[in-house]
Structure formats: structure tokens, C-alpha cells
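Biologist: I would like to learn how to read charged pairs and helix packing in a model. Could we go through them one at a time?

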Amino acid sequence: MRVRIHRGAREIGGSCVELQAAGESILLDLGRPLWATPDEQVPLPPAVGLGEPGPLPRAVIITHGHQDHWGLVPQLPDGVPVWIGKAAADILRAAEFWGTGIDLREQGHLHDQQTVTIGPFTITPYLVDHSAFDAYSLLVEADGRRLFYSGDLRAHGRKPGSWRRLLESPPQDVHAMLLEGTNLRDEHSPGESLTSESAVETDLAATLRNANGLVVVLSSPQNIDRMVTVYRAALRADRDTAIDLYGAEVAVATGRDTIPRPAPDWPRVRVYMPVRQRVRVKESGEFHRTEAVRAHRIFDEDLAASPGSWVLCGAYQWHVPAMIRAGLLDGGVVVWSMWDGYLVEPSGQRFTALLAEHGVPMHHHHTSGHAAPADLQALIAAVQPATLVPIHTDAPHRYAEVLGYTATLHDDGAWWTV
Ligand SMILES: [Zn+2]
Ligand SMILES: [Zn+2]
């Protein structure tokens, strides 16, 4: 089996790996690089059938719903089937209305530990813990050789069972392991907290107990683990949780009734819509969206009546100025529950300044979606690959230094053989 990383050998995000066997090929992920601005045209990688002459890839397998893994799929020519987890696909369809998703029109769905055969490739997905819901690592076999691609994963989220299982019954006889190394960052790049999601819950519960007023947790509506964390912390502090409509639609799209959502069996979950979302629904005329949550909505007057009994969770950052004007954040707290790097950007600096100007404290409760170095070490020790290859990292040279395992660096665009 031949392999070529198109992007990711020295870069976090935009991952794409091409595999070739018996004259056929597949792609693992087809991401948009994180450095690309929204209207920037990023060409497809020059894979066989896309940029180089030859038959089209037999399939594109998307490990999870982050754009740095699927973002170039819309540019595929017709006739290339896309595979992804069902919940991951449904979440992206739900997010499309809100401008951050897509209907991938996938041909097939990945299921945990259910092997699929595509041409000469046998693919076994392993459900993993990541900040995107329904994420997989992939074991691919062809020509009698076995490649294990980690995708994005971590040990410290809300799926400790899937991580444990990966260590206890790892894929066997792996010839090459492509391992993400997001957190092996160079010293100069901003790192992320690596505390556990349950520690975030405990810390957030303390913030909620100590605050007298409204607490607004700013997080990505697609980060289901974090929404569960906020909901659980709210229960511990005896507060009710209100999510935005985007988050509510994503929660329903998971298809899991164990995920908090606006429904009769979740009496402590409500929906609070920021102005932006109300406007979007109004302009689209898609009033079935608000109708679906009508019985569960709360409004400014509910928050004003007892601000200390609520926590808001979702994409409320653009709504914070209106909440300040309405006095809803008097005695309240804003919790930044995303990557701190966003706060360094001009919009983030303006946001920080606005809170400071109005005396609204900002707390930070967050953890990375990617594994800590010690967990990566444990995974390598469990899988025992013949060859370790860095991907999804800006510090491939640190694998040996930090992890203590010699890695073989294959540059973007270079073919190698498993
Ligand atoms: Zn990624
Ligand atoms: Zn990811």
C-alpha cells in the first residue's frame, strides 16, 4: 500500500491522506486549512484523479465533523462517494443553516468497529473521544499491510470508555501509525489546557455557585461534550441551562436522547435565542425552527426575574453587548470556554475590553480536544506500530523529544510505502 500525506505533515488542520493499492485510491479526510480565510479559494490536493491523471478516488472517508477535516469536500467532482459517521453528518446538516455546516450528501456511514470494504481497502473505524461528536480513528488494510490513522483524539473528554478500549484492545500488527500531535506544539505557540472535561465541570460549578447573577458560557454549539459539561455543572449549582437555537438543533441531531435538549424529559434545559438567531430565522422564513422549541423558550424577562438561577451556554458572544445594555449581566459572569487564541485576535481584544469597561468578570474554563503527550505515549505503547508518522502537528520534530519514540517524517506530497 502506498501513502501520501497531502496536508498535515507539518501543519495542524487541513488534513488529507491518500492511500493507493491495486491501482485504486481512497482519501482519509479532506480538510480546509485553518489559515484559510472564509472566502479564500483553496485548491483540492493534487491526488490521483483530482489533480493528477488517473481514476477518481474510490471514496473519501471523513473522520469527524471539524472543517479542518471535511472543508474541501464541496469541491470534489461528482462521483466520489463520501463516508462519515451518521451523527457527525446529521450535526453538520443541522449546522448548515447557521453558516458553519454542510450537507455532505454522504454515501455511507461509519459505525464503531464495523468493517467496510471499498475496492482493495478494508476499513475499520474506532470510535474515539474528541471535541467533535461521533469521531473515529481508522484502521485501513490493503495489500496485506495495515495503517492506523488516529484522526483527532484525546483521553480526557466525556468518552473515557472508548479511550480505555483503544488501549486495552488496540488494532493489532499495525505497520504504520499516523498519529496526531496537536499538543506537541512548539514552545512559542499558544497551548491549550489539558485538564479533563470533568475537571472543567467541577471548576465551572464553583464559578456558578460563587456568582450571584447570570452566567454566560461561550462555547461552540457543536462541542457536545462541553454542553454536557455545562449542563452537569449547572445541576451541581442548582441552576437551569439555556442553550441557543443552533445548539438545540445540534443536540437533537446527535440522535441520542442521553444528550440534553429542549424536550419534556429535560425540564432543566431551555432555549434562549440571541438577536442574531431570531433575525436569521425571520429572514429565512423557516419558522418551524422556533415552533419546534416554542414550549421551551425563555426570554429576557425570565432572565431578569431571577438571573442567578440561569446559565446560558452557546454562541452568545455577539449578544453580550445587548445583554449588558439590558442590565442582564449586572452581577453576572462571562465564561470563555473556547480556545484562548481567539481572544488575541482583534475581535477578541474588543470583546475583552467591552467586558472590562462594564465591569463584567471573565473566567476561563476550557480544555483541549486533543490528547496530552502522556496519553499519546500510552497509545503508541498499546498499538506498537512498526513505524510512527506525525500528522496534524506543527512540531513533528518533537515526537522523539517529547514522546520518546522515533518518528518517521514524511513530507506533504511525498509517496511512501507501508
Ligand atoms: Zn483537526
Ligand atoms: Zn477535530
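Biologist: Is Arg 154 buried, partly exposed or exposed, and what is its relative accessible area?

Modeller: Bear in mind that this is a predicted model. Arg 154 has a relative accessible area of 1%, and because buried means under 20%, Arg 154 counts as buried.

Biologist: Which residue forms a salt bridge with Arg 154?

Modeller: Side chains of opposite charge can pair when their charged atoms come close. Here Arg 154 forms a salt bridge with Asp 129, with 3.0 Å between the closest N and O atoms. Arg 154 sits in the loop between β10 and α3, and Asp 129 in the loop between β8 and β9, so the pair ties together parts that are 25 residues apart in sequence. Asp 129 is also buried, at a relative accessible area of 1%.

Biologist: How many salt bridges does a search of the whole structure find?

Modeller: The search finds 24. One of them joins the side chains of Arg 268 and Asp 238 at 3.0 Å, N to O; this pair links distant parts of the chain, 30 residues apart. Arg 268 is partly exposed at 26% relative accessibility, whereas Asp 238, at 53%, counts as exposed. Salt bridges with shared partners also join Lys 86, Asp 90, Arg 93, Asp 103 and Glu 106 into one network.

Biologist: At what angle do helices α4 and α5 pack?

Modeller: Their angle is about 45°, with the axes 8 Å apart, and the two helices are therefore oblique to each other. The crossing of α4 and α5 is right-handed. The residues of this contact comprise seven nonpolar, two polar and seven charged.

Conventions:
Residues numbered from 1 in each chain as written. Chains lettered and ligands numbered in written order. Predicted model: local features only at pLDDT ≥ 70, side-chain atom pairs only at ≥ 80, totals over all residues. Heavy atoms only, no water. Axes fitted to C-alpha atoms, helices over the stretch in contact; angles between N-to-C directions. Helix = DSSP H or I, 4+ residues; strand = E, 2+ residues; numbered from the N terminus. Parallel < 35°, antiparallel > 145°, perpendicular 65-115°, else oblique. Left-handed = near helix turned anticlockwise from the far one by under 90°. Nonpolar A, V, L, I, M, F, W, Y, C, P; charged D, E, K, R; others polar. Salt bridge = Lys/Arg side-chain N within 4 Å of Asp/Glu carboxyl O. Buried < 20%, exposed > 50% of the residue type's maximum accessible area, 1.4 Å probe, protein only.
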